[in-house]
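Subject: Handover of the structure

Hello,

I am passing this structure on to you. Please open it and keep it in view as you read my notes below.

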Amino acid sequence: MLPWIELASAVAPGGDRLRLLRRGDEFSIRLQGGNELMNSRLGGSEEALARLALDRLAGRAAPCVLIGGLGMGFTLRAAQAVAPPGARLVVSEIVPELVAWAGQQMAPVFGSCLSDPRVEIRLGDVGAQIGAGAGVFDAILLDVDNGPGGLTRPDNDGLYGNPGLRAAHRALTPGGVLAVWSAEPDAGFTRRLARCGFEARSHTVRAARGGGGSRHVIWIAVRAGA
């Protein structure tokens, strides 16, 4: 078996060290302690995040979609595949090095997707993007940390708690969609979405393309009311 080779590292806000590793044509991003955050051979559930959300936007000719977290680009590329030509796909990434890796070490994974004129990369916290305006986005796709349970950044609780969900509600257009990826179920989060004005449904999806791997959860929450 080929060994893992560390290609680069970065320090995320809060002090966590992220390591980019490669083994043959496989890439992995891990925390310093060894916990794997993402792997280029997986990504099926992150792709489902985009597909399920954009299915709810059918008929909108020019939706504006905010994607929280670039990662390995699974969600972005899935959104590109189904979004109409007039769409705007705004990716908010808090670790600048991940954007650099996309065009350098991980170029075999990303290809030319970042040159799509529909795509805009914004460096910074997705929570700030959500809080910056009202009725701005037709969909908000959050693949941040490990979901509502939050693994790497305690600040991510601000996205998934009541204040964060109310901010997302304000940021969406009427009928807009908040889609949230999670590594595990969370019945309390489903109830919290309802309290914050969303009509929410959870979906269980597989980590790997083709239906294999771990089971992950995606919430599709539609902004209720005008």
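Let me start with the charges. The count of salt bridges comes to 10. Keep in mind that this is a predicted model. A salt bridge here needs a side-chain nitrogen of Lys or Arg within 4 Å of a carboxyl oxygen of Asp or Glu.

**Salt bridges**

Take R30 and E36. They form a salt bridge, with their closest N and O atoms 3.9 Å apart. That pair qualifies because 3.9 Å falls within the 4 Å limit. Is R30 buried or exposed? R30 is buried, at 18% relative accessibility. It gets that label because buried means under 20%.

Next come R118 and D116. Their side chains meet in a salt bridge, at 2.8 Å from N to O. Both R118 and D116 are buried.

Then look at R122 and E120. Here the side chains meet at 2.9 Å, N to O, in another salt bridge. R122 has 23% relative accessible area, so it is partly exposed. E120 is at 32%, which also makes it partly exposed.

Some salt bridges share partners. Which residues do they join into one network? The network holds R23, D25, E26 and R41.

R191 sits in helix 8. Its relative accessibility is 52%, so R191 counts as exposed, the cut-off being over 50%.

Go back to R23, one of the network residues. You will find R23 in strand 2, which covers residues 17–23. What does R23 touch, once residues up to four places away in sequence are set aside? R23 touches M1, L2, P3 and W4. For a sense of scale, compare R23 with G133. They are 110 residues apart in sequence. In space, their C-alpha atoms are 42 Å apart.

L21 is in strand 2 as well. Is L21 buried or exposed? L21 is buried, because its relative accessibility is 4% and the limit is under 20%. Leave out its neighbours within four places in sequence. L21 is then in contact with W4, I5, E6, L7, E26, F27, S28 and R30. Two of these names have come up already: E26 belongs to the network, and R30 forms the salt bridge with E36. L21 and A79 are 58 residues apart in sequence, and their C-alpha atoms are 26 Å apart.

**A loop residue: S115**

Where is S115 found? S115 is in the loop between helix 4 (107–110) and strand 7 (119–123). At 57% relative accessibility, S115 is exposed, because exposed means over 50%. From S115 to V136 you count 21 residues in sequence. The C-alpha to C-alpha distance between S115 and V136 is 23 Å.

**A buried residue: L178**

Finish with L178. It lies in strand 9, residues 172–182. L178 is at 0% relative accessibility, so it counts as buried. Which residues is L178 in contact with, beyond its neighbours within four places in sequence? They are I140, L142, L165, A168, L172, L193, F198, W219, I220 and A221. L178 and V217 are 39 residues apart in sequence, with their C-alpha atoms 14 Å apart.

Best wishes

How values were computed
Residues numbered from 1 in each chain as written. Predicted model: local features only at pLDDT ≥ 70, side-chain atom pairs only at ≥ 80, totals over all residues. Heavy atoms only, no water. Buried < 20%, exposed > 50% of the residue type's maximum accessible area, 1.4 Å probe, protein only. Helix = DSSP H or I, 4+ residues; strand = E, 2+ residues; numbered from the N terminus. Contact = heavy atoms within 4.5 Å.
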